[in-house]
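Here is a short note for a colleague who is opening this entry. Please keep the sequence and the model side by side while reading.

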Amino acid sequence: MSRVALVTGGTRGIGAAISVGLKAAGYTVAANYAGNDEAAAAFKAETGVPVYKWDVSSYEACADGVRKVEADLGPIEVLVNNAGITRDVMFHKMTPQQWREVIDTNLSGLFNMTHPVWGGMRDRGFGRIVNISSINGQKGQMGQANYSAAKAGDLGFTKALAQEGAAKNITVNAICPGYIGTEMVRAIPEKVLNERIIPLIPVGRLGEPEEIARCVVFLASDEAGFITGSTISANGGQFFV
Ligand code: CAA
């Protein structure tokens with residue numbers, strides 16, 4: 001029986017590439033999404049990956065969603081916390097709502113999703129958690145005080161939980177993508193992207209979603225059991241920790 005993998009935000013952007021990559025590697029994949037029904041239906045039709053709708057910023061919704069996926073497919077052995085949003089704005093103009101939405105999804109979403117699967121992973125003595133953080137959690141980014149704080153928090157969460165999971169054969173790792181050619185990055189004002197961001201990427205281009213998916217497939221594998229609490233940076237040389 002193939003292992004079951006759940007990818008949050010798994011129907012678009014980097015998450016879609018992760019879902020497809022894990023399926024190709026032999027996993028039984030479930031893709032969560034929050035809002036875009038049309039994109040989710042198209043993704044399901046194209047890939048055959050079942051899609052499940054809930055909002056990772058709600059603990060109750062996550063617990064219900066996990067129960068549903070496990071009833072349909074079996075115990076979740078690989079969780080990829082990929083769902084994330086941006087509310088980019090200079091800090092002096094940032095509203096409490098813009099702060100909270102990003103923290104609730106990009107940071108609390110990791111608690112909300114990981115907590116409901118953690119007990120089962122401990123009981124079974126196997127688990128893989130892969131958290132998609134960001135280069136901007138490592139270096140900070142103007143216009144992203146909310147996002148950078150949440151993504152840096154994801155790295156602390158990863159390192160703490162890795163220590164708790166180790167004795168139970170549960171690994172917890174993070175990936176920090178740089179600027180990847182997804183809708184999220186294309187939403188940056190074109191002038192800013194072309195003049196202020198791409199010139200700072202030494203490889204001279206945006207990354208491809210599949211370049212992140214390959215890192216996830218590696219970390220999810222049984223063979224990666226000695227790697228835990230680590231961060232893989234995949235950013236075209238833009239930032240070295
Ligand atoms: N680096 C350096 N300078 C920047 C900059 C950047 N990344 N972004 C903006 N600036 C500069 C602008 O060029 C501008 O300078 P000038 O006045 O000299 O032209 C100044 O800062 C103010 O910028 P704006 O006129 O655009 O001001 P604004 O208030 O309309 O918007 C902003 C500010 C929200 C920061 C907007 O510029 C923006 O969205 N920037 C991109 C932020 C970003 O990188 N977001 C990442 C999204 S992708 C993602 O999050 C995925 C991931 O994990 C990497």
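The points below take up a helix pair, one of its residues, the cysteines and a loop residue.

1. **Ground rules.** This is a predicted model: local features need pLDDT of at least 70, side-chain atom pairs count only at pLDDT 80 or more, and totals for chains, interfaces and linings use all residues. Residues are numbered from 1 along each chain as its sequence is written, and side-chain values use heavy atoms, with hydrogens and water left out.

2. **Helix 3 and helix 5.** Helix 3 covers residues 59–73 and helix 5 covers residues 108–124. (Helices are DSSP runs of H or I, at least four residues, and strands are runs of E, at least two, numbered from the N terminus.) Their axes come within 9 Å and cross at roughly 40°. That makes helix 3 oblique to helix 5. (Angles under 35 degrees count as roughly parallel, over 145 as roughly antiparallel, 65 to 115 as roughly perpendicular, and the rest as oblique. Axes are lines fitted to C-alpha atoms, for helices over the stretch in contact, and angles run from 0 to 180 degrees between N-to-C directions.)

3. **Who touches whom.** Helix 3 contributes Tyr59, Cys62, Ala63 and Val66 to the contact. Helix 5 contributes Phe111, Asn112, Met113, His115, Pro116 and Val117. Contact means heavy atoms within 4.5 Å. By class, the residues of this contact are eight nonpolar, two polar and no charged. (Ala, Val, Leu, Ile, Met, Phe, Trp, Tyr, Cys and Pro count as nonpolar; Asp, Glu, Lys and Arg as charged; the others, Gly among them, as polar.)

4. **Asparagine 112.** Look next at this residue of helix 5. Asparagine 112 is buried, at 6% relative accessible area. (Buried means under 20%, exposed over 50%, partly exposed in between, with a 1.4 Å probe and protein chains only.) Beyond its neighbours within four places in sequence, asparagine 112 is in contact with Val56, Ser57, Ser58, Tyr59 and Cys62. Glycine 84 is 28 residues away along the chain, and the two C-alpha atoms are separated by 13 Å.

5. **Cysteines.** How many disulfides are there? The count is zero, a disulfide being a pair of cysteine sulfur atoms within 2.5 Å. For cysteine 215, the nearest cysteine sulfur belongs to cysteine 176, 11 Å away. Cysteine 215 is buried, at 14% relative accessible area. Cysteine 62 is buried too, at 0%.

6. **Asparagine 169.** Check the loop between helix 7 (145–165) and strand 6 (170–177), where asparagine 169 lies. Its phi is near 65°, a positive value in a residue other than glycine. Most residues other than glycine have a negative phi. Asparagine 169 is partly exposed, at 36% relative accessible area.
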